[in-house]
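Please look over the sequence and the model before reading on.

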Amino acid sequence: MMKTVTYRIVEFFVLFIVLPVSLLLPYNFEIKVGSVVLAFVYLVIALFKTESISFKIARDIDWRSFIMNTVLKFVIIAIVTTLYVYILQPASLFCVPRNNLGLWVIILLVYTLLSVWPQEIIYRTFFFKRYGTLFRSRNLLIFVNAVIFSLAHLFFRNALVIVLTFLGGLLFAYTYYKSNSTTLVSIEHALYGNWLFTVGMGEMLAFPGMETCS
């Protein structure tokens, strides 16, 4: 029953559309937190018990290709975002590492371990293993994944966050589709996300702890 098409469609709709959109509604905060925790627990149980997931790094990964492609994308992202901050909010450019190196290091560690890794387990590993066969088109699979990844960030109520998470979702979904590796896509996600904090976009993206940039 857990793997029937109808069950998976309903599950997908509830977990990845209804829940994130509902967080925008004005109801009790404790209920919101409880709903998210319950959904996460359910997802983890389903991930390990019904999908037989393994997080071992495959030996046949083409590390050279991954590194070259990731570095190329990172350089492009770094140039574009640096110019963006410099033009729109020059005072914020590299503000956190310049003004509070300790805070910057903490942000990188917390973001990587408590945000990136769980997100990739949910939005790439679980999503592709659980719903991949529901999509006959690779492009549609990647597009839908990017959409629901951006929906997960609706609670920030920030248009720039939605745009960037959609674009990031496209990149991460494509990487996971090609590599089938949670580790590789987490490395890529951490690299780009930490760069946004580093370059000075944290305040623009409404992330907490960015008072240093004010």
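## A cluster of rings

Ring pairs join Phe12, Phe16, Tyr123, Phe126, Phe127, Phe128, Tyr131, Phe135, Phe149, Phe172, Tyr176 and Tyr192 into a cluster. The model is a predicted one, and every value below is computed from it.

## The overall fold

The chain has eight helices and zero strands. Read from the N terminus, its elements run α-α-α-α-α-α-α-α. Of its 214 residues, 42% count as buried.

How much of the contact in the chain with a separation of 6 or more comes from residues 24 or more positions apart? Such residues account for 73% of those contacts.

## Two aromatic pairs

With ring centres required to lie within 6.5 Å, the count comes to 21 aromatic pairs. One of them is formed by Phe16 and Phe127, whose ring centres are 6.3 Å apart and whose planes meet at 85°, so this pair is edge-to-face. Phe16 belongs to helix α1 (residues 5-22) and Phe127 to helix α5 (residues 101-131), so the pair ties together parts that are 111 residues apart in sequence. Are these two residues buried or exposed? Phe16 has a relative accessible area of 2% and is buried. Phe127 also counts as buried, at 0% relative accessibility.

Tyr111 and Phe197 make another edge-to-face aromatic pair, with 5.1 Å from centre to centre and 75° between the planes. Because Tyr111 lies in helix α5 and Phe197 in helix α8 (residues 182-199), this pair ties together parts that are 86 residues apart in sequence. The relative accessible area of Tyr111 is 15%, and a residue under 20% counts as buried, so Tyr111 is buried. Phe197 is buried as well, at 10% relative accessibility.

## Charges over rings

Lys32 lies over the face of Tyr27, at 5.2 Å from the ring centre. The charged end of Arg124 sits over the ring of Phe149, 4.4 Å from its centre. Phe149 is also one of the residues in the ring cluster.

In soluble globular proteins, nonpolar side chains tend to be buried together. The largest nonpolar core here has 27 residues, and those touching the most other members are Phe12, Phe16, Tyr123, Phe126, Phe127 and Tyr131. At least two residues of this core come from each of α1, α2 (29-49), α5, α6 (138-151), α7 (159-179) and α8. Which element gives the most to this core? The answer is α5, with seven residues.

Phe126 shows what such a residue touches. Leaving aside neighbours within four places in sequence, Phe126 is in contact with Glu11, Phe16, Leu43, Ala46, Leu47, Ile121 and Tyr131.

## A buried asparagine

Asn145 lies in helix α6. With a relative accessible area of 0%, Asn145 is buried. What does Asn145 touch, not counting residues up to four places away in sequence? Its contacts are Tyr123, Arg124, Phe127, Phe128, Gly169 and Ala173. Among these, Tyr123, Phe127 and Phe128 are also in the ring cluster, and Arg124 has its charged end over the ring of Phe149.

## The largest pocket

The largest pocket has a volume of about 1,600 Å³. It is lined by 47 residues, of which Ser115, Gln119, His153, Phe156 and Thr165 are the closest to its centre. The elements giving two or more residues to this lining are α1, α2, α3 (63-88), α5, α7 and α8. The largest share, nine residues, comes from α5.

## Two residues with positive phi

Phe94 has a phi near 55°, a positive value in a residue other than glycine. Phe94 is placed in the loop between α3 and α4 (95-99). Its relative accessible area is 26%, and Phe94 is partly exposed.

Asn180 has a positive phi too, of about 55°, although it is not a glycine. Asn180 sits in the loop between α7 and α8. With a relative accessible area of 47%, Asn180 is partly exposed.

Methods: Residues numbered from 1 in each chain as written. Predicted model: local features only at pLDDT ≥ 70, side-chain atom pairs only at ≥ 80, totals over all residues. Heavy atoms only, no water. Phe/Tyr/Trp six-rings, centres within 6.5 Å; stacked < 30°, edge-to-face > 60°. Helix = DSSP H or I, 4+ residues; strand = E, 2+ residues; numbered from the N terminus. Buried < 20%, exposed > 50% of the residue type's maximum accessible area, 1.4 Å probe, protein only. Lys NZ or Arg CZ within 6 Å of the ring centre and 35° of its normal. Core = buried A, V, L, I, M, F, W, Y, C linked by side-chain atoms within 4.5 Å. Contact = heavy atoms within 4.5 Å. 1 Å grid on protein atoms, 1.4 Å probe; cavity = no way out; pocket = protein on both sides within 12 Å on 5 of 7 lines; lining within 4 Å. Points joined across faces, edges and corners; volume = space filled by probe spheres on them.
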